[in-house]
Amino acid sequence: MTGLLYKLIRTNWVKILLFFLGTMLYPFMFALIFRSDDMKDGLTSGISIMMWAFMAFMAFLIGGVCEDSIFNDDERKKWAYFVASTPTGIKGQIGAKYLFTLCYSMLTVTALILFCGFARDGNSELADGSVIFIGFFYIQLTMRAIEFPLMARFGSKIGKSLKIIIVGIAAFIFFAYMLFGDTSAFANMDTFFDRLLAALADENKVKRMTLWFSIITLAVIPIYYLSYRLAVKWYLKGVESYAK
């Protein structure tokens, strides 16, 4: 697997570097702006937490594009059958891509936390965005855990379409619950976001949220591993869908 991981990074290092630098450009610029003297009085904790959330969303969205691109980079029948005949085999081929995705996501969340710490070091009024960054990190892994086996089985185009359908069904169920389920927390939308921002600015509530995040995210690790095993199992079945 080490050789396949080296080959993956060596052949795609320019793409990976450009994606990462492009992803980190705006968080770094915002961190510099947040530290400036002009922002110390006008930037509230609530506004800063929204900005951190937006930056995390964009960073992991662009990072997801990079990870998808790396995963389907070797969609060729000859390469697939060659890899299957090597000692490391399909497990090494798929494992290298899952390991790369994990490392890239970890690098992204680490950089965001460092930028947040850098900004807060110059402006103590800023909210800590670490919980949000970690939450997006685990969401990223969950999305890739859904998508990668489908891409391995049906090819990148069909696999991505199936992921969109699955996420769309989940979103429909969520909105259906919002319409007909228990929505007492959203009863007064005029004050909902004020209450949400106040909760995110409360250190005790953030600590409780972090604890629940830690408990919930324990499930992501076995899901990610099971996704890897499923992708390995489906890999050769999906080779026939490759164009060449």
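Predicted model: local features only at pLDDT ≥ 70, side-chain atom pairs only at ≥ 80, totals over all residues.
The crossing of H5 and H6 is, moreover, right-handed.

The residues that bring the two helices together can be followed along each of them. From H5 come Tyr98, Thr101, Leu102, Ser105, Met106, Val109, Leu112, Ile113 and Cys116, and these meet Ser130, Phe133, Ile134, Phe137, Gln140, Leu141, Arg144, Phe148 and Pro149 of H6. Sorted by class, the residues in the contact of H5 with H6 comprise 13 nonpolar, four polar and one charged.

Helix H5 also holds Lys97, a residue whose relative accessibility is 4% and which therefore counts as buried, because buried means under 20%. Once its neighbours within four places in sequence are set aside, Lys97 is in contact with Leu8, Ile70 and Phe71, as well as with Asp73 and Asp74.

Turning to the protein as a whole, there are ten helices and zero strands, and the pattern read along the sequence is α-α-α-α-α-α-α-α-α-α. Of the 244 residues in the protein, 38% are buried, while the accessible surface comes to about 14,100 Å², with 71% of it belonging to carbon and sulfur atoms. When contacts between residues at least 6 apart in sequence are considered, 81% of them join residues at least 24 apart.

Notes. Residues numbered from 1 in each chain as written. Heavy atoms only, no water. Left-handed = near helix turned anticlockwise from the far one by under 90°. Helix = DSSP H or I, 4+ residues; strand = E, 2+ residues; numbered from the N terminus. Contact = heavy atoms within 4.5 Å. Nonpolar A, V, L, I, M, F, W, Y, C, P; charged D, E, K, R; others polar. Buried < 20%, exposed > 50% of the residue type's maximum accessible area, 1.4 Å probe, protein only. Areas by Shrake-Rupley, 256 points an atom, 1.4 Å probe, with all protein chains shown as cover.
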